[in-house]
Amino acid sequence: MKSKPAFTIALFAGLLCTGSSWADGPEPGIDPSELSTISPFAGNSLINPDFDIGVAGWSAPTGSLTFSASGDVDGCAGSGVAHLAAPVFVNNLWQSEFAGTGSCLPVFPENRYRLVLGLLPGSAFDTTTVGILAYTDSTCTAGETSTLLAGFSHLAVAWHNFRLGGLVGSGVHSIRYWLRFRDADDPSFAVDIDRIYLGIEEPVFVDPLEAGSLCRWSSTVP
């Protein structure tokens, strides 16, 4: 994390989903036809986590979500960021939210997960809340509730890299990414979001060249 938050609540760590390294093929008992719906060990469950293909797979429950081709957290030419702006006045506060729509991570109650993200505030607005949307079924459709992981206030206008995590609550069988931003006075604050992860172990980001760039690849052997 590049800067210390003014306040932090409920930080946790990691989730184990399958227990297999997948080095020798699928875990015993799993039908190969189901592999597309199961996250590999240390894999990212998220679709389009680097915003190399716009903002597909993401939404703004409140506020306005657009794609910005400039400002990539890694300075990667051809990639961009999700730009969240135009907050809505909710319960006497200006609010915007960011959530995953195309990515659903099946989980087990009382197990753990990890969450990573990069944030660039456009101004030092009041609060940033990081959390998940939790569901009672395995497909992120039933019994949606929001679960708080951490809160930060007045972040500096610079890229911040967060690594958080939490325990899956009782009765929760799938989760999605969720962020919320609030300010009491500023109706025009904005934030850029990039390089995000939701999965079962230490983050592993894969660049399948969707951005049409080789910026994350090299022919040089370290």
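1. The model is predicted, so local features need pLDDT of at least 70 and side-chain atom pairs count only at pLDDT 80 or more, while totals for chains, interfaces and linings use all residues. Residues are numbered from 1 along each chain as its sequence is written, and side-chain values use heavy atoms, with hydrogens and water left out.

2. Helices (H or I, at least four residues) and strands (E, at least two) are DSSP runs, numbered from the N terminus. Buried means under 20% relative accessible area, exposed over 50%, and partly exposed in between (1.4 Å probe, protein chains only).

3. Two strands pair if DSSP finds at least two bridges between them. Strand β1 (residues 58-59) runs antiparallel to β5 and is joined to it by 2 bridges; W58 has G100 as its bridge partner in β5. Strand β11 (residues 174-183) also pairs with β5 in the antiparallel sense, over 6 bridges, and there S96 is partnered by F181.

4. Strand β4 (residues 88-90) is antiparallel to β5, with 3 bridges; the partner of F89 in β5 is W94. The hairpin of β4 and β5 has 2 residues between the strands.

5. Most residues other than glycine have a negative phi. N91, in the loop between β4 and β5, has a positive phi of about 50° although it is not a glycine. N91 is exposed, because its relative accessible area is 66%.

6. F51 lies in the segment before β1 and has a positive phi near 55°. F51 counts as buried because its relative accessibility is 0%.
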